[in-house]
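Hello,

Here is the structure I promised to pass on. Please look it over first; my notes follow below.

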Amino acid sequence: MATETHSADAASSGGMPQLDFSTWGNQIFWLVLTLIVIYFILSRVALPRIAAILAERQGTITSDLAAAEDLKSKAKEAEAAYDKALVDARAEAHRIVAEAKAEIQDDLDAAIAKADAEIAAKSAESEKAIADIRAGAMEAVKDVATETAQEIVSAMGGKADAKAITAAVDARLKG
Amino acid sequence: MADKAEEGGLVFHPMDQFIIKPIFGGDVTWYTPTNAALWMGLSILAIILLLVLGSSKRSIVPSRSQSIAELAYGFVYKMVEDICGKEGLRYFPYIMTLFMFIVCANFLGLIPTSFTPTSHFAVTVVLALAVFLTVTVLGFVKNGAGFLSLFWVSSAPLALRPILAIIELISYFVRPVSHSIRLAGNVMAGHAVIKVFAGFAALTAVSPVAVLGITAMYGLEVLVSFIQAYVFTILTCVYLKDALHPHH
């Protein structure tokens with residue numbers, strides 16, 4: 001306590017404690033000790049460790065960036081493959097549609113041709129039948145006319161010459 | 001001191017906070033544990049807490065304390081690299097030691113009733129002289145007599161060179177003086193001003209102003225604590241650069 005009052009006296013007498021050289025040796029001793037301790041703590045433990053942490057982080061970041069770059073290029077490749085598959089599929093679809101169209105067209109053409117042929121056959125048959133009917137009708141008209149003429153002649157009191165009447169009717173029909 | 005306060009009126013003892021006191025009583029001899037020794041030891045503890053325990057998890061994504069440790073490391077590392085170049089990095093642990101000691105001592109000194117080792121010229125003179133001697137010895141070891149070209153400004157006209165050499169020589173030897181007084185002076189002045197404001201706080205009429213003044217000064221002191229540590233470190237780097245590359 002004696003020293004305390006002594007230094008307090010020194011301070012209150014206007015002197016700066018900083019210029020009290022009696023304490024310099026003490027401060028310098030402890031300061032040098034402190035600096036040596038800090039230097040060894042820093043150079044042996046703290047600084048190598050922090051340097052290692054920073055280097056490791058740098059390495060991790062670099063490798064992560066490389067991995068990201070790799071994944072990005074892979075994604076691009078996948079996209080290209082996808083696009084190619086899409087284009088192929090589209091072309092295939094077009095091809096299938098065209099094929100189906102051609103097939104259908106073929107079937108349709110064949111069916112139309114068949115139908116045309118059938119229609120032609122049917123109409124030829126019909127024409128024949130009509131001709132038959134027409135011929136039949138002519139014959140019937142001739143018979144009816146001959147018979148009617150014979151009846152008229154007999155009704156008039158003449159004697160009907162069958163041959164003459166037929167010839168007359170034929171002439172009339174032709175005329 | 002107590003009896004003086006009882007005498008009434010304003011009593012200022014702004015310098016009392018800088019008195020070196022032995023912790024366990026007795027005389028202050030060169031090995032006595034004093035308050036200065038205690039707070040230097042506490043700054044060692046702070047450095048261990050921050051840089052050693054803070055980085056002990058070695059995590060890739062840093063925790064808060066590890067971030068601060070890495071920030072301090074990167075700050076000083078970049079400073080040394082930028083100013084001294086690659087070959088200056090050999091002296092990085094030395095400069096980091098100076099920076100961490102000064103910054104921790106300054107900030108611990110901001111705790112009320114604490115003691116600030118860096119407010120004493122004994123401390124800053126040793127720090128500055130260590131830098132001065134290291135740089136001078138290193139300059140001669142690395143460059144031999146070529147280190148003297150630091151004082152011979154070859155870009156100046158020949159007639160001016162001897163005059164400039166004298167000026168350069170004087171400024172070279174003034175370096176440790178300004179280097180040490182700048183740090184201790186700033187820290188001491190700030191602490192003393194806070195103490196003066198604290199003395200005014202005893203008067204009821206001006207106590208609000210005094211408390212505001214203490215608050216403002218404290219904020220300024222936080223800045224000064226860091227800036228002075230930074231200035232001391234960057235000047236060390238600049239001097240070291242002169243030793244490594246003496247040619248202008």
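**Confidence and conventions**

Residues are numbered from 1 along each chain as its sequence is written, and chains are lettered from A and ligands numbered from 1 in the order in which they are written.

Confidence in chain A is lowest in H1(A), with a mean of 43, and highest in H2(A), at 93. Helices (H or I, at least four residues) and strands (E, at least two) are DSSP runs, numbered from the N terminus. Residues 1–13 of chain A have pLDDT below 50, yet this stretch has 19 contacts in the model beyond near neighbours in sequence. A contact means that two C-beta atoms, placed from the backbone, lie within 7 Å. Where pLDDT is low, the predicted coordinates should not be read in detail.

**Chain B**

Chain B holds 7 helices and 0 strands. Its C-alpha trace spans about 70 × 55 × 40 Å along the principal axes. Of its 248 residues, 35% are buried. Buried means 20 or more other C-beta atoms within 10 Å of the residue's own, exposed means 12 or fewer, and partly exposed is in between; C-beta atoms are placed from the backbone. Of the contacts in chain B with a separation of 6 or more, 63% join residues 24 or more positions apart.

**H5 against H6**

The axes of H5 (residues 121–143) and H6 (residues 161–200) of chain B come within 8 Å and cross at roughly 145°. Axes are lines fitted to C-alpha atoms, for helices over the stretch in contact, and angles run from 0 to 180 degrees between N-to-C directions. Residues of H5(B), including B:Phe121, B:Leu129 and B:Phe132, meet residues of H6(B), among them B:Arg175, B:His179 and B:Leu183. By class, this contact has 10 nonpolar, 3 polar and 1 charged residues. Ala, Val, Leu, Ile, Met, Phe, Trp, Tyr, Cys and Pro count as nonpolar, Asp, Glu, Lys and Arg as charged, and the others, Gly among them, as polar.

B:Glu168 is also in H6 of chain B. B:Glu168 counts as partly exposed because it has 16 other C-beta atoms within 10 Å. Leaving aside neighbours within four places in sequence, B:Glu168 contacts B:Leu150, B:Phe151 and B:Val153.

**Interface and core**

Between the chains, 38 residues of chain A are in contact with 44 residues of chain B. H2(A) gives the most to chain A's side, with 26 residues. That side divides into 22 nonpolar, 12 polar and 4 charged residues.

The largest nonpolar core has 60 residues, of which B:Phe99, B:Met100 and B:Ile102 touch the most other members. Such a core is a set of buried Ala, Val, Leu, Ile, Met, Phe, Trp, Tyr and Cys residues joined through C-beta atoms within 7 Å. H4(B) provides the largest share, 12 residues. H2 of chain A supplies at least two residues, as does H7 of chain B. Not counting residues up to four places away in sequence, B:Met100 touches A:Ile38, A:Leu42, B:Ile47 and B:Ala72.

Best wishes

Conventions
Predicted model: local features only at pLDDT ≥ 70, side-chain atom pairs only at ≥ 80, totals over all residues. pLDDT = per-residue confidence, 0-100.
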